Amino acid sequence: MTATDEDLMRQVQAGDLSVFEELVRRYRQPLVRVTSSKLRDRAVAEDVVQESLLAVFAARHTFDPRYSFRTWLWTITLRLCHKHWKRAASPRASAVVCDPAQTETATSGDIGALDGLLLSERSELLQQALAELPEPQADALRLRFFGGLRYDEIAVAMQSSISGAKQRVKHGLERLAERLKTLSGVES
């Protein structure tokens, strides 16, 4: 049986610091996917994820195992993304649009070069459309679909009600669909 995140954090709090590596292994890739989408720069996203994981480790004694480790981690990561985004000197529009790691993965292996290019183009359109949504809607979509969070976890991470989280996802999907139609040249 696999230990829960909360069990692992209890072990970390008890002094078994090597167990923290398992939490990093579980969450690093989803965190990078969400932060890459939000910040639109893979290298910066990697730095923010590292900062998030370090912040969690540094605050390990404040974690209460009665609550979800996952939502605690995502809350910290979203706050650090927001903090970085606000202080970034360059405008968001000049940032990298697509995640090179996703493109590399998409263009290797079983799919051909043309399929990889099409996938990369769709990824760029998606990132552009997400960047044009109101931040709460875009973040809710990123957490739901890139981070795999449930609505209750999104609500905690975004400091909203569950109903509010659901509404942000719903309205975000509706606006995203409309924007993607426009960006891809599909007429209504």
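This is a predicted model: local features need pLDDT of at least 70, side-chain atom pairs count only at pLDDT 80 or more; totals for chains, interfaces and linings use all residues.
How do the two helices sit against each other? A packed pair is described by the angle between the axes and the distance between them. For helix 2 and helix 4, the angle is about 35° and the axes are 11 Å apart. Their crossing is right-handed.

Now go back to the start of the chain. Helix 1 spans residues 5-13, and its buried residues are Asp-5, Glu-6, Leu-8, Met-9 and Val-12. These cover an arc of only 160° around the axis, so they lie on the same side of helix 1. The spacing makes sense: an α-helix has 3.6 residues a turn, so residues three or four places apart point the same way. And what lies over those buried residues? The cover includes helix 2 (20-39), helix 3 (42-58) and helix 4 (69-87). After helix 1 comes Gly-15, with a positive phi near 115°.

How far does the predictor's confidence go? The chain's mean pLDDT is 82, with 80% of its residues at 70 or more. Among the elements of the chain, helix 1 has the highest mean, 94, while helix 5 (residues 100-107) has the lowest, 39. Across residues 89-111 pLDDT stays under 50, and the model has 28 contacts beyond four places in sequence for that stretch.

Notes:
Residues are numbered from 1 along each chain as its sequence is written. Side-chain values use heavy atoms; hydrogens and water are left out. Buried means under 20% relative accessible area, exposed over 50%, partly exposed in between (1.4 Å probe, protein chains only). Helices (H or I, at least four residues) and strands (E, at least two) are DSSP runs, numbered from the N terminus. The arc is that of the directions from the helix axis to the C-beta atoms. Contact means heavy atoms within 4.5 Å. Axes are lines fitted to C-alpha atoms, for helices over the stretch in contact, and angles run from 0 to 180 degrees between N-to-C directions. A crossing is left-handed if the near helix is turned anticlockwise from the far one by less than a right angle, and right-handed if clockwise. pLDDT is the predictor's confidence in each residue, from 0 to 100.
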